[in-house]
Amino acid sequence: MFSILAVTLYVASSFVAGSPLTGLSTGRCGTYISPEKINAAEKHFAANKVSFSGSKKADTKINVHFHIIQKDDTREGGNIPDSDLEKQVEILNQDYANTTFSFAFSSSSNINRTTNVEWFTSAGPDSKEQTDMKTSLRQGGPTDLNVFTVGFEKGVYEGLLGYAVFPSDYKDAPEDDGIVVLHTTIPGGSMSSYNNGRTLTHEVGHWVGLYHTFQEGCSGEGDRVDDTPAQARATSGCPKEAVDTCPEDEGDDPVHNFMDYASDDCMNHFTDGQIKRMSEQMNTYRGTEL
């Protein structure tokens with residue numbers, strides 16, 4: 001099958017030509033998915049789709065497992081307090097309140113803390129450190145959300161905010177499933193403008209099957225959601241006035257959508273079309289019944 005990776009980058013990060021991430025845009029988040037992979041993914045989805053019943057009241061509980069990777073026992077070294085993790089799950093439930101999903105978490109049983117300097121500093125998409133980390137720690141089945149918090153301090157992935165694996169990848173590589181985020185983006189962290197927990201909200205959006213709102217810009221089929229207007233480029237910060245980067249498509253840029261790249265305090269919603277897509281993606285690839 002196909003493998004699609006969603007990657008979120010730190011505002012100031014840069015990538016050298018020839019690196020695995022060559023071609024990614026910089027900003028809050030940068031994702032490169034080739035048109036060929038998108039077309040293959042969408043063709044498979046269309047042929048195998050398990051439809052959504054249409055009820056927003058349907059409630060699938062997602063068990064959240066936090067794997068806290070740290071280089072030492074300080075907050076700066078990755079040791080996130082239980083209270084910050086509890087706040088993060090509150091944010092997820094707030095942000096997904098109008099969807100078909102809610103998030104269950106217990107600080108007494110759903111937190112795993114591991115001191116491993118190499119994983120903390122060097123884990124990234126397709127890296128040996130990531131493979132070792134996920135293989136050693138991942139828990140549960142296709143509807144269990146495994147969140148790994150790291151530092152992204154070394155190598156080509158230095159400065160990442162996070163990345164996620166899409167639902168369609170689970171069958172072929174269940175051991176690789178989950179989300180990896182920068183520990184300072186969790187509420188209580190030090191990443192200015194990006195420490196209200198919306199990095200995880202955004203990455204969970206990919207984990208349940210959503211693309212970015214600006215996917216393919218003003219041309220092509222965009223994010224495959226009809227009620228998110230076409231968008232030429234990612235949003236930076238939080239624009240005070242309406243922006244329309246694709247005037248030939250009806251509607252202003254969805255700058256407040258969780259799947260754009262605006263600052264945390266700017267994001268506030270998913271659309272009905274996104275809710276339908278995420279529900280059908282989860283039905284099709286993670287075995288939910290919505």
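Q: What places Glu 90 and Lys 87 about one turn of the helix apart?
A: Both residues lie in helix H2, three residues apart. Helices here are DSSP runs of H or I with at least four residues, strands are DSSP runs of E with at least two, and both are numbered from the N terminus. The model is a predicted one, in which local features need pLDDT of at least 70 and side-chain atom pairs count only at pLDDT 80 or more, while totals for chains, interfaces and linings use all residues. Residues are numbered from 1 along each chain as its sequence is written, and side-chain values use heavy atoms, with hydrogens and water left out.

Q: Why is the contact between Glu 90 and Lys 87 called a salt bridge?
A: A salt bridge requires a side-chain nitrogen of Lys or Arg within 4 Å of a carboxyl oxygen of Asp or Glu. The closest N and O atoms of Glu 90 and Lys 87 are 3.9 Å apart, so the pair meets this definition.

Q: Why is Glu 90 called partly exposed?
A: Buried means under 20% relative accessible area, exposed means over 50%, and partly exposed lies in between, with a 1.4 Å probe and protein chains only. Glu 90 has 49% relative accessibility, and therefore counts as partly exposed. Lys 87, with a relative accessible area of 39%, is partly exposed.

Q: How do you know whether Lys 134 is buried or exposed?
A: Lys 134 has 1% relative accessibility and therefore counts as buried. Lys 134 forms a salt bridge with Asp 176, the closest N and O atoms being 3.5 Å apart. Asp 176 counts as partly exposed, at 23% relative accessibility.

Q: Why is Arg 224 called buried?
A: The relative accessible area of Arg 224 is 19%, so Arg 224 is buried. Arg 224 lies in the loop between H5 and helix H6 (272–286), and has a positive phi of about 65° although it is not a glycine.
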